[in-house]
Amino acid sequence: MIEVKDLKKSFEDKAILKGISTYFEPGKTNLVIGTSGSGKTVFVKCLVGLLQPTSGSVFYDGIEFTALSNREKKQIRTKIGMLFQGSALFDSMTVEENVMFPLNMFTNLTAKEKLNRVNFCLERVNLVGANKKFPGEISGGMMKRVGIARAIVLNPKYLFCDEPNSGLDPQTSLRIDDLLSDITHEYQMITIINTHDMNSVMGMGEKVVFLHQGYKEWEGSSQEILHTDNELLYNFIFASEFLKQLRKGITNSTPLIKPDK
Amino acid sequence: MKFFYHFGRYVLMMRDMFSIPENYRMYSKELFRQMNGIGIGSLIIVGVISLFVGAVTALQFSYQLGSTFFPEYMIGFIVRDTMIIELAPTLSGLVLAGKVGSNVAGELGTMRISEQIDALEIMGVNPQGYLVMPKILGAIFIVPPLIVLSAMLGIFGGYLAAENYGISPANYQKGLLYLFDPFNVVIMTVKSVIFAFLIASVACYQGFFVKGGALDIGKASTRAVVFSSILVIFFDYIVALVMT
């Protein structure tokens, strides 16, 4: 389990995270949502240690990650996989080399074993036959899938995804969501996805944490969102008239709060 | 104050690159890739410039000393010493500051902006160790031989130009051997090692800490070239002051 206790992060005088506490369980797709500038990316970067929190703690299975030295953090990081918003594939390497990179760096497997593992992961993300292509030669959706393959190649315990659907068409987004959901359940990983894609929220949000202006405004499941009485969350999720009508159709009820107030 | 901030961050970057490699094979592979990129990739430009600089030096001195009582073989002597002591290391240093400096800063800057450096860190790889150290070590290993080659090509360029100007090859060769001091080669080697370190480390620093977007990568590359060029000239003077 990943546990977050009173996490705060400021840049000079500007407070971005103002005391967030929550927890994320294995085998669940955990979504962190919020408007642009709400602190989602900073929150995830604090969780993985790319940013040092101003105060507060992050625990990985009871180990206080934020109190560890860089060398000790490296031990935990080998159990972390991360999919970046722009995929962050190494331009000078082929798809195969990208996925193989963590294996080359951290394992003593033979070349054949590594290739088998890479092919298995590429097959898992439906990218058979793309081994020798360079990142510049494949589409955005394929790059995301290569990013996922690279993130899962070492069988991580924790998977972080920063806006995995940004810049993708709805169909590709759904495929990425399904894939993330499937591997989370299959490998019982703790998956934390940073998104503002409403399809993802409603489709795969087993736990949703809603951030607003640096605070945790709400948390619950996607089903609970449908019946929320939190005005900020309601206006964020059902931003368009179409979605409001859709919600009304699903729940067959008028909202408990006045929308667009 | 800004100088101390940047200098402190530069020193910390250099400190952080010293860690036990996660995988020696991957690090050495990266080292050879960098040596190839810096050395082989700069061979043509350094070679062509050195050849012509040697030729111009020979022509210029032949022209200027032609009407004086200086013996002909002095052209070979002058070309040899100016190439070895000054022109080969300094000109090659400036050329490398432009080519390698912008290349390295651009590469690391792009990696930073596109989160590739973050990706390495998340994987548990020390980005300074894996990205910065092979570039600096690669430059230190490959730049001195490149500069020796530059000096040789400059002397050869001088030979071709001098012969074309009417100076006999025998006299030029006599000048090349005249009062040769092997310590000059030591000066050239010291300069080349210092320049290699400065060019690679300044470019790595500029690229590694890029913030913003594509425009900032361009600015970082420009800064890398400007600062490393100034440092090359400055340390050229310091080495000359100390060693001659």
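Predicted model: local features only at pLDDT ≥ 70, side-chain atom pairs only at ≥ 80, totals over all residues.
Residues are numbered from 1 along each chain as its sequence is written, chains are lettered from A in the order in which they are written, and side-chain values use heavy atoms, with hydrogens and water left out.

**Where the chains meet**

Between them, chain B and chain A bury about 1900 Å², with 64% of it on carbon and sulfur atoms. Buried area here is the accessible area (1.4 Å probe) that two parts lose on being put together, summed over both. On the chain B side, B:E115, B:I122 and B:M123 lose the most area to chain A, together 36% of what that side buries.

Four residue pairs, both at pLDDT 80 or more, are in polar contact across this interface. A polar contact is a pair of N or O atoms within 3.5 Å; within protein, one must be able to donate a hydrogen and the other to accept it, and residues adjacent in sequence count only if both atoms are side-chain atoms. Helices are DSSP runs (H or I, at least four residues), numbered from the N terminus.

**Salt bridges**

Side chains of opposite charge can pair when their charged atoms come close. A salt bridge is a side-chain nitrogen of Lys or Arg within 4 Å of a carboxyl oxygen of Asp or Glu. Over all chains the structure holds 15 salt bridges, and the count between chain B and chain A is one. Here are two of them:

| Salt bridge | Closest N and O atoms |
|---|---|
| B:E22 with A:K74 | 2.6 Å apart |
| A:K132 with A:E96 | 3.2 Å apart |

A:K132 lies in the loop between helix 4 (111–124) and helix 5 (140–152) of chain A, and A:E96 in helix 3 (residues 95–106) of chain A, so the pair ties together parts that are 36 residues apart in sequence.

**Two helices of chain B**

Which residues of helix 5 of chain B meet helix 6 of chain B? They are B:I155, B:G158, B:Y159, B:A162 and B:E163, and they meet B:P169, B:Y172, B:Q173 and B:L176 in helix 6 of chain B.

Definitions and conventions. Contact = heavy atoms within 4.5 Å.
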